[in-house]
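Let's walk through this protein one question at a time. Have the viewer open and turn the model as you read.

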Amino acid sequence: MKDIRIAVTGVTGLIGRNIFYEYIRQNMADLGRLHVFLLGREQGGVSFRARVMADLLVDGADYCGIAHGARELEDFAAQRVHFIEMDLYFDGIGIGARDLALLRAHRIDHFFHSAASTDLRDSDAVQAYVKRVNSDGTGKLLGLVEGMDVREFCYVSTAYACGIASGNIGPDDTDFKREFRNPYELAKLKSEKMVRDFSLKTGRRIRIFRPSSVCGRLIEPPLGTINKFDVFYSWGAFFLALKMKEVTDRERIFEIPFDVDARVFSNPLAGLNIVPVDYVAKAVYQICTQDCPGNGFNLTSPAETPHQFYLDEMLRHLNITGVHHVDRVPVKKNARENFYYRTMGRIFNPYVAGLPMLFDTSNYASAMARAGIVCPPIDKANFGLLMAYAKKKFFGLIPS
Ligand SMILES: NC(=O)c1ccc[n+]([C@@H]2O[C@H](COP(=O)([O-])OP(=O)(O)OC[C@H]3O[C@@H](n4cnc5c(N)ncnc54)[C@H](OP(=O)(O)O)[C@@H]3O)[C@@H](O)[C@H]2O)c1
């Protein structure tokens, strides 16, 4: 069988690492054919290589269904994975001459660009940072790819790059005239446009992947696994943080009830599209390896999860009462509500205010059916698995 060469940015993040694991898992029978170039940065004095290795040999082994410390994964990492220091923040993205030569010397079948700032806040400072890392950073990376032998450039965007929209949303839905929930979404759409323009200019094959709100794994064990707690998890983390200020017994924090007097806004007729990260990784793999036609791909669940369902479930798992749903933001607010709407609500409200969004995934449905992969539903049982994992990690509020 032919060798496969992939490159991945954002591998220390949620989606990038799961794409990386999925390529390993799918090629376990003959790992010698898989060659990987990982591009990322050191942090706090820990080299990029050491950061990835720590995850690969534990979380990655779980994903691939092999024992921790199994020789095959260690050998694979030592022989077939190249670690390339790169920071999108810098002009020239900081790649050294030797690494540049290495990248230029090899054909890459699929180059996945998943690195980004996922900061959904709306301040001037965040806007400037997101522009620099996400859209300018994508432009700089495309400059690098232009000088390389890359067969397909695959950009991990977001389903919300369509802006504030409702009803049927196609995989290439692009409208700069729409309103956007935050600078992050607009920067993602600008990046998509750069990727499309790059394809027109160079004739290179591109793919744009648009995941919705990504949750922990629900296909590959341990179920619920996730390395960060943002998007809807951060809503739970907000209320857990309130509870932890007053309930100091960490051992029994989820057994002890806690009452919060707060009215929280969401549209009762709509929900959030929540998709498991391993399903996203598997869809990416199948779309690329089965060579599905088209440029854009909505990596989304078939159905929205009603806001009031997953918010109530989170509160139930946290053993928190007294949060009431309202269909408009209260005018006269109590102290707790004031705090909520100034902080969490400010980021979250745009995602719970809109009308239902129905993402079209028909352009790769047959590839998923051929592979026998079904998107796990976000029902009570599966949401319970996500919550059990999040609780084990205190929603990221206590460093593990
Ligand atoms: N998570 C979601 O729910 C979701 C939904 C839709 C779309 N997306 C999109 O999917 C992609 C991946 O998201 P994610 O949730 O996996 O992100 P994540 O967990 O927040 O990880 C972000 C990744 O980008 C890297 N990165 C950030 N700034 C960088 C820089 N200046 N230079 C080099 N690398 C940098 C991070 O590296 P460090 O570890 O060094 O910081 C990390 O590997 C993003 O483009 C995001 O917009 C995510």
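Q: Where does Pro222 sit?
A: This is a predicted model, so treat each value as computed from it. Start with strand S8, which covers 213–215, and then look for helix H7, which spans 232–246. Pro222 has its place in the loop between S8 and H7.

Q: Is the peptide bond from Pro221 to Pro222 cis or trans?
A: Most peptide bonds are trans. The one from Pro221 to Pro222 has omega near -10 degrees. That bond is cis.

Q: What is phi of Val231, a residue other than glycine?
A: Most residues other than glycine have a negative phi. Val231 lies in the loop between S8 and H7, and its phi has a positive value. Phi here is near 50 degrees.

Q: Which helix supplies the largest share of the shell around the ligand?
A: There are 27 residues around the ligand, and the closest are Thr12, Gly13, Ala115, Ala116 and Val214. Helix H1 (14–26) and strand S8 each give at least two residues to that shell. The largest share is three residues, and it comes from H1.

Q: How many residues of the shell around the ligand are charged?
A: Sort the shell by class and you get twelve nonpolar residues and eleven polar ones. What remains is the charged group, which counts four.

Q: Are H1 and H8 parallel or oblique to each other?
A: Two packed helices are described by the angle between their axes and the distance between the axes. For H1 and helix H8 (residues 277–289), the angle is about 60 degrees and the axes are 8 Å apart. That angle makes H1 to H8 oblique.

Q: How many nonpolar residues does the contact of H1 with H8 have?
A: On the H1 side you'll find Leu14, Ile15 and Tyr21 among the residues in the contact, and on the H8 side Val277, Val280 and Ala281 are among them. By class, the contact has two polar and three charged residues. The nonpolar ones number ten.

Q: Are H5 and H6 roughly parallel or oblique to each other?
A: The axes of helix H5 (residues 124–146) and helix H6 (residues 183–202) come within 9 Å and cross at roughly 15 degrees. An angle under 35 degrees counts as roughly parallel. So H5 and H6 are roughly parallel.

Q: Does H5 pass H6 in a left-handed or a right-handed crossing?
A: Look at where they touch: Val126, Val130 and Leu142 are among the H5 residues in the contact, while Ala187, Met194 and Phe198 are among those from H6. By class, this contact has nine nonpolar, seven polar and four charged residues. As for the hand, the crossing of H5 past H6 is right-handed.

Q: Are H9 and H13 oblique or parallel to each other?
A: Helix H9 holds residues 307–318 and helix H13 holds residues 380–392. Their axes come within 10 Å and cross at roughly 45 degrees. The two helices are therefore oblique.

Q: Which residues in H13 does H9 meet?
A: The crossing of H9 and H13 is right-handed. From H9 come Tyr310, Glu313, Met314 and His317. Their partners in H13 are Lys380, Phe383, Met387 and Lys391.

Q: What distance separates the centres of domain 1 and domain 2?
A: The domain assignment gives domain 1 as 4–217 + 274–302 + 362–371, and domain 2 as 232–270 + 305–356 + 380–393. The centres are taken over C-alpha atoms. They are separated by 30 Å.

Q: How many residues of domain 2 are in contact with domain 1?
A: Domain 1 brings ten residues to this contact. Its side divides into four nonpolar, four polar and two charged. The number from domain 2 is ten.

Definitions and conventions:
Residues are numbered from 1 along each chain as its sequence is written. This is a predicted model: local features need pLDDT of at least 70, side-chain atom pairs count only at pLDDT 80 or more; totals for chains, interfaces and linings use all residues. A residue is near a molecule or strand if its C-beta atom, placed from the backbone, lies within 6 Å of it. Helices (H or I, at least four residues) and strands (E, at least two) are DSSP runs, numbered from the N terminus. Ala, Val, Leu, Ile, Met, Phe, Trp, Tyr, Cys and Pro count as nonpolar, Asp, Glu, Lys and Arg as charged, and the others, Gly among them, as polar. Axes are lines fitted to C-alpha atoms, for helices over the stretch in contact, and angles run from 0 to 180 degrees between N-to-C directions. Angles under 35 degrees count as roughly parallel, over 145 as roughly antiparallel, 65 to 115 as roughly perpendicular and the rest as oblique. A crossing is left-handed if the near helix is turned anticlockwise from the far one by less than a right angle, and right-handed if clockwise. Two residues are in contact if their C-beta atoms, placed from the backbone, lie within 7 Å. Domain bounds come from an automatic or database domain assignment.
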